[in-house]
Amino acid sequence: MDQEIKIVLTNTPKEKPDQNHLGFGNYFTDHMFMMDYIEGQGWIDPRIIPYQNLSLDPAAMVFHYAQEVFEGLKAYRAADGRILLFRPDENMKRMNVSNDRLDIPALDEAFCIKALKELIKVEQDWVPSAEGTSLYIRPFIIAVDPSLGVHRASHYYFIIILSPVGAYYPEGLNPVKIYVESEYVRAVKGGVGFTKTGGNYASSIKAQSKAEGMHYTQVLWLDGVERKYIEEVGTMNVFFKIDGKIVTPGLEGSILSGITRKSSIEILKSWGYEVEERKLSIDEVEQAYRDGKLEEAFGTGTAAVISPIGELNYNGDIMPINNGEIGPVSHKLYETLTGIQWGKLKDEFNWVQEVK
Ligand SMILES: *Cc1c(COP(=O)(O)O)cnc(C)c1O
């Protein structure tokens, strides 16, 4: 499929927000990409149009049964002015993994990357250049048939919106305090934990509020069956450095296969670290802490890149990690990933694509 993308430009461009006070996901650009899926016709009518409200029937399926998927990636402004994407092919591949599980028709990944690049070219002035800022990209699909039956839809929208976002750590890379959640769970094998679909996040909000109420930044999720094995931290994958080795939970169906996770593993291995992807129980982490072998812990994800963990609270048992300071491996990984993303370091792994 290489359909022509129709472009309709806005007559009323918005004023650009102050790059030093962007926050996350508060501002949206002047245009969006959109296409329809119609049963029998496939994905049709790709178009770049002025950013606008959607008009949906109140019975639209997405409102009732949450048949939807999304992705998240960023465009980065290099010092020489180029606009760079980090492994966008991985996001589109993962979107089709989510689509398959939600029974949403697959997208043509190469075409979607082309459409994304076209949209960013239209919006190039919206890619911020202040230190640490980027353009967050949110592709998503929703089922729009007006029908209350629980079944596969025959009409979907695929939409890409763009949001200039601020530095995740305006005051530097500070370790966060994490509450180990042993009551609520995020996902179980056989469910949708490995996909980016809205329901996973809707069901996580209550635990997040509970953690925030106790002055913790995020929750550490345990497995949905035994509440014993570590899964993820908030909406990030999680890594531990224990006795010199790096350990991260394996991809067994209930956790999201993060692109930052995958990239971190490849970088850590290239530095000679042993990286174990396996089951890791909270008891093993607690034991390592008692033995003085819990050296570092960090989350990985597109938004924060690397989020060092300075403290864990498991049922009231407080475990400070590396004296609440960022560890050397977490720090070097952050510098390396962000260096590649912003085009400051040589892209040895061939991960970066220029928008041109
Ligand atoms: C998006 C996400 C991640 C991180 O994935 P990246 O591709 O690294 O951004 C991890 N866990 C969950 C639950 C997520 O939604």
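Let's start just after helix 6, where Gly-272 takes a positive phi of about 95°. Helices here are DSSP runs of H or I with at least four residues, strands are runs of E with at least two, and both are numbered from the N terminus. Before we go on, please keep in mind that this is a predicted model: local features need pLDDT of at least 70, side-chain atom pairs count only at pLDDT 80 or more, and totals for chains, interfaces and linings use all residues. Residues are numbered from 1 along each chain as its sequence is written, and side-chain values use heavy atoms, with hydrogens and water left out.

Back to helix 6 itself, residues 259-270. This helix has 12 residues and reaches 17 Å from its first C-alpha to its last, close to the 16 Å expected. The expected span is 1.5 Å times one less than the number of residues. Its buried residues include Ile-259, Thr-260, Arg-261 and Ser-263. Buried means under 20% relative accessible area, exposed means over 50%, and partly exposed is in between, using a 1.4 Å probe and protein chains only.

Thr-260 brings us to the ligand. Which residues are the closest to the ligand? Of the 14 residues that surround the ligand, the closest are Lys-196, Tyr-201, Glu-232, Thr-260 and Thr-302. To be counted as near, a residue needs one of its heavy atoms within 4 Å.

Now for the polar contacts, meaning pairs of N or O atoms within 3.5 Å; within protein, one must be able to donate a hydrogen and the other to accept it, and residues adjacent in sequence count only if both atoms are side-chain atoms. An N or O atom in the side chain of Thr-260 is 2.6 Å from an oxygen atom of the ligand. Lys-196 has a polar side-chain atom 2.8 Å from a ligand oxygen atom. On the backbone side, a polar atom of Thr-235 is 3.4 Å from a nitrogen atom of the ligand. Taken alone, the ligand exposes 390 Å², and the protein buries 95% of that. Those areas come from the Shrake-Rupley method with a 1.4 Å probe; for residues, only the protein chains shown count as cover.

Thr-195 is buried, because its relative accessible area is 0%. A polar atom of its side chain lies 2.7 Å from the backbone oxygen of Val-192.

Asn-313 counts as buried because its relative accessibility is 8%. Its side chain reaches the backbone nitrogen of Gly-316 at 2.8 Å.

Then comes helix 8, residues 328-341. Why do we call helix 8 largely enclosed by the rest of the structure? Because 10 of its 14 residues are buried. Among them are Val-329, Leu-333, Tyr-334 and Ile-340. Gly-343 follows helix 8, with a positive phi near 70°.

I'll end with two residues that have a positive phi without being glycines. Asn-350 has a phi of about 65°, and its place is in the loop between helix 8 and strand 18 (352-354). Asn-350 is exposed, because its relative accessible area is 66%. Asp-45 has a phi of about 60° and is found in strand 3 (residues 42-50). Asp-45 counts as partly exposed, at 38% relative accessibility.
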